[in-house]
Amino acid sequence: MPTSGPTRLVLISAAKFSYAEVDLTQPLHLVGPNNVGKTTLINILQLLYIDKESHMSFPGYSWPETKAYYFPDRRSYVLFECQTPQGRQVVGAYGKGPAEAHDIQRFAYTGAFEKTDFLSAAEHGWVPRKVEEVTQTLSLKDYRELEARNLRAALTGIGDSEGLNLGLIPVRDHDGYAKFRDLFKGLIRLRQLDQNALKERLCSTYASEVDALKVNLKDAHAEDFKKMRRYRREIAELERHEADIEEALRCDRRQAALRRQLVEGWIRLVRANGQCLAALRGKRRSLEQKLRQVDAALDGAEERKENLSEERDTLNQSLGALHEEKKKLRDLVQRFSDFDAEAVRSRVDELDEERARILLDLKSVDADSPEHIQARRDRVAKQIDELQQRLNTLRDLVGSLLKKRLGEDRLRRFFRILNPRLLALSAEGEDIVIDDPDTLIQSMEAQEHRCDDGRWHFPGGHLSLSALPTPELADYTDPERIREEMEKHREEYERLDRRLEIAKNVSARKQRAKELEERCTELRSQLNTYEEAVEAKERLQKVKSKIAVRARELESMDEALSDIKAESRQLREEKRRCRARLESIRGDAEEVSERVRVLDSPPSNWGRHLTVTAAARTVWVDRSPVRGPAGTGGFAQNVLDLAGRYQNEKSDESHVAQTLDQILDRIHRGTYDQYKQETRAETLDVLADEKEGLDARRRAAKQLWQKLMTGLGRKVSDLLSSLDTMKSVVSRVNRRLRGTSVSDLERLRLQITPFDSVTSLLERVAEHDAMPLFGETGTYKEDLNQLEELFHEHPEVHLTDLFTVGFTVTTADGSTEKYDGLDNIQSNGTSITIKVLVHLVLINDLLRDGALRLPFYLDEASSLDEGNLGGIVSASTEMGFVPVLASPSESTAVRHIYYLKSDGERVHLGPEHRVELQKKGAASTQERGSSVSGDR
């Protein structure tokens, strides 16, 4: 007997595909880059298995967006060729186009899919046929349109299918299809499956086998619960308005304070307004006088501008005559353009300079012979050596020793008498021997008494120190001075060295000077020949100079005109500013008057809020000048500020009054005028009293709640019994999983673990309700209190609230791992394997026994290794499912691979793009390189 299930999926001008045809009879793998259409191709399986559009799931997109994407026009088709108990049949849908909001129409017909029913051969390839042509062709194949209820009945075999029997989802009972639909969508969205979703799937799948899925206190005690809700609503309403009551009292106090401030502000505003208007009148008179002065200055500037323009015209005429003369002279000079007179003169100057340098050098050596110059150079070299020696031995010289011991002033006095050259001798050399420096110093210090009043006394007379030169101690003690002296001697040495070089070549230099003189005479002769041209050129330069002078004069006049224009602009700008300020002052006066005029004075009865001290308070007035071009100054601003402050306070008072009215209106609307009195004060008093009576209402609600808590034992017992049933269901699921292994996962077991904190409480309450004589009174009251808290927060307790689902995984090596839930499984492969196997087992439990093939999309394929992926494919195939994988790269987990490529806009995918692997990594029956080339 053939296996029921879809055999082919075909898309024609749908989504990204110009044409797509995929075999669904065996596991397959869609391979292609991201966004090429892999997920698009598989998600549309929902169109076959899910009856209503509202139950379909296309993550990230609404159903209207999805329809417009899959069915862009009236030539878009999605088709499922299926093997059914009645043979081959096709179920499909076509788009109605943008005019009908991209709605779709489902249909079915008998027989296998034939390409020519939907496509016409054309010169440039296959072209989709119009819907009218397709339906006319298919009318011979028992074509019929399907509604959601017809499709559901045809899929399940339950209900009115109007003679169509697909048998693709043979559920066991009427509720089975809804459960299948949820599980099938779960297969598509495994990534979103978490612990709570898994528990809900288990409970909803086996809901017909349990006694109760929930305990709903609200439904079980409708009248009492309604009364309880009324009590709580009254309390909640009063509690909800409690803050409004307090806010209303605060608003009343705030309103009284604002009314007092408004009376005070009005007094200040009236006084300041009179002073402001008087000040603005004075400023206006001052600006009008300044405006007259600016007008007079502007007339003078215009007159100077006119006179200067006339002078400029005369200068332009003179400049034109000079340009005419310049043209005539330039024509004369151009007749001798081949002769470069300037270059010749430059050459003459260069030759003259060279000859002058030679004669000067010859003159510098006329008096001295080379031998004499060399002797002088040698003496200078010797002096340089002596200075270098002095610098090298400076630390050991007598000068340094004595300067350190006697100081510079004392040393200078001694060596006015003594020979300073003694300072340049080495203290440790042969020229002078100092055996005992201390004795020498003492001896010299003993002679200091001889120096007195600028004189040096000696036996028989004295000597004026001013008659002797002051010794240059730095020459013997200062290294910088010594270096400077050495540098001077080196310069002298270089000068003498050059003179010596000249003295040795006198004859050759004289010959060179003669040759230079002859060449200069020749060049000057050539220049005299062109004297007339030179004179013309000189005259041309003078004319150019005059032109330059006239141009500068013209430029100066232009600058003067520009200055006058700038002055005129400034004056006009000043005039504009004066007028603007006048206008601003007028505007200020009007604004101040209007601002005060439109304000309403406080009602006379508000005077009761004003104290005597406040009424007598002085008013500050700003007497500063008008600021800024807009004329908004201290006087006006002061009034505007006072008016603004008054207006703001008036707005605040109105806002507070409005807020108070709104609060009271909100309270009255919320309480249906229950607390409304004749006056506002009486209303606030009543509300304050009601607020104080909240505690009594809370006690009454507590007593009613305790009444509602009685009689829950049986319902709790049914819920606990359902928990035991779920344990049995999980055992049955485990038996189905017992023979299923995936890669290194040898065995998988699900385990129901109750939440002890909740189930223990429910068990004690149920036991006491069944046998009240055997329960401890105190313990039972404590349990009721806990149960009261539970139902107070959650009037409905669901079966899923009582347990968690854990997993025990046994691997091929015999090791066992236990997980409390899906979120605790660190291995992505193990987590996905559990999700897939559980869904497949649950779906199989819903269906009647029989040969069935059901495709599903494994969207986590790219995150699994080859072992886990191959194991899932093998296990799901054995259970009657056809896994469809998708990823950017190939996998050896399945034999059939489709390669998807885009030509930039559309994708074409057909049987020719399928690769069938013979062995792991082997070649295929089709060329793997077959490309996708768009519409063909």
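This is a predicted model: local features need pLDDT of at least 70, side-chain atom pairs count only at pLDDT 80 or more; totals for chains, interfaces and linings use all residues.
Residues are numbered from 1 along each chain as its sequence is written, and side-chain values use heavy atoms, with hydrogens and water left out.

Reader: Is strand β16 largely enclosed or exposed?
Author: Strands here are DSSP runs (E, at least two residues), numbered from the N terminus, and helices are H or I runs of at least four. Buried means under 20% relative accessible area with a 1.4 Å probe, protein chains only. On one side F803, V805, F807, V809 and T811 are buried, and on the other T804, G806, T808 and T810 are too. Nine of the nine residues of β16 (803-811) are buried, so the strand is largely enclosed.

Reader: Which residue in β17 is the bridge partner of V809?
Author: Strands pair if DSSP finds at least two bridges between them. β16 and β17 (residues 816-819) run antiparallel and share four bridges. For V809, the partner in β17 is E817.

Reader: What is the order of the strands in the open sheet?
Author: β14 (residues 745-754) pairs with β16 in the antiparallel sense over nine bridges; L748, for instance, has V809 as its partner in β16. β16 also joins β17 through four bridges. That gives three strands, antiparallel, in the order β14-β16-β17.

Reader: Which residue in the hairpin of β16 and β17 takes a positive phi?
Author: Four residues lie between the two strands of this hairpin. The one with a positive phi, near 90°, is G814.

Terms used:
Buried means under 20% relative accessible area, exposed over 50%, partly exposed in between (1.4 Å probe, protein chains only).
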